[in-house]
Amino acid sequence: MSFRLITSRAGIGEEWTPRELRHSFVSIMSDSGVPLETIAALVGHAGTAVTEKVYRHQLRPVITKGAETMSTVFGQGRSA
C-alpha cells in the first residue's frame with residue numbers, strides 16, 4: 001500500500017511525506033515531556049543535536065513566553 005493511500009485513508013490528506021511525520025512525532029513526544037535523549041534514541045539519532053535543531057518544532061514555549069510578557073506589559077495593576 002502506498003504512503004499516500006495510507007495518509008488519505010487516515011483522513012490527513014495525501015500531501016504528507018514520511019519525513020513530515022517524523023517531525024510531528026518528535027515534536028509531539030517533546031511536548032509530552034519525553035526527554036530529548038529518549039526521543040533521539042527512538043528516531044535513531046546518535047546524539048540529541050539533530051533531533052533538537054532539525055526535527056523538534058515547539059511553539060508552546062514561545063507562545064507561553066510571549067503571553068507572559070504581554071501580561072506583564074499590559075496586565076492588571078499596571079500604573080499609567
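A: Start with Thr-7. Leaving out residues up to four places away in sequence, Thr-7 touches Ile-12, Gly-13, Glu-14 and Trp-16. The model is a predicted one. Thr-7 sits in helix H1, which covers residues 3-9. Its relative accessible area is 3%, so Thr-7 is buried.

The protein has five helices and zero strands. Read from the N terminus, the order of elements is α-α-α-α-α. Of the 80 residues in the protein, 16% are buried. The exposed surface comes to about 6,100 Å², with 59% of it supplied by carbon and sulfur atoms. Take the contacts with a separation of 6 or more: 31% of them join residues 24 or more positions apart.

Helix H2 comes next. H2 spans residues 18-31, which is 14 residues. From first C-alpha to last, H2 reaches 20 Å, close to the 20 Å expected at 1.5 Å a residue. Four residues of H2 are listed as buried: His-23, Val-26, Ser-27 and Ser-30. They cover an arc of only 95° around the axis, and therefore lie on the same side of H2. The helical repeat gives the background: with 3.6 residues a turn, residues three or four places apart point the same way. The buried residues of H2 pack against H3 and H4. On the face turned away from that buried side, H2 carries the exposed residues Pro-18 and Ile-28. After H2 comes Gly-33, with a positive phi near 90°.

Val-26 leads on to H4. This buried residue of H2 is among the contacts of Thr-51. Thr-51 belongs to helix H4, residues 49-55. Its relative accessibility is 0%, so Thr-51 counts as buried. Setting aside neighbours within four places in sequence, Thr-51 contacts Val-26, Leu-36, Ile-39, Ala-40, Val-43, His-45 and Arg-56. With His-45 there is also a polar contact: the two side chains meet at 2.6 Å.

Ala-40 shows the pairing from the other end. Ala-40 is placed in helix H3, residues 36-42. At 2% relative accessibility, it is below the 20% cut-off, and so Ala-40 counts as buried. Beyond its neighbours within four places, Ala-40 contacts His-45, Gly-47, Thr-48 and Thr-51. Ala-40 and Val-50 lie 10 residues apart in sequence, and their C-alpha atoms are 8.2 Å apart.

Last, confidence. The mean pLDDT of the protein is 83, and 84% of the residues score at least 70. H3, the helix that holds Ala-40, has the highest confidence, at 94. Helix H5, residues 60-74, has the lowest, at a mean of 76.

Terms used:
Residues are numbered from 1 along each chain as its sequence is written. Side-chain values use heavy atoms; hydrogens and water are left out. Helices (H or I, at least four residues) and strands (E, at least two) are DSSP runs, numbered from the N terminus. Buried means under 20% relative accessible area, exposed over 50%, partly exposed in between (1.4 Å probe, protein chains only). A polar contact is a pair of N or O atoms within 3.5 Å; within protein, one must be able to donate a hydrogen and the other to accept it, and residues adjacent in sequence count only if both atoms are side-chain atoms. Contact means heavy atoms within 4.5 Å. The expected span of a helix is 1.5 Å times one less than its number of residues. The arc is that of the directions from the helix axis to the C-beta atoms. Accessible areas come from the Shrake-Rupley method with a 1.4 Å probe; for residues, only the protein chains shown count as cover. pLDDT is the predictor's confidence in each residue, from 0 to 100.
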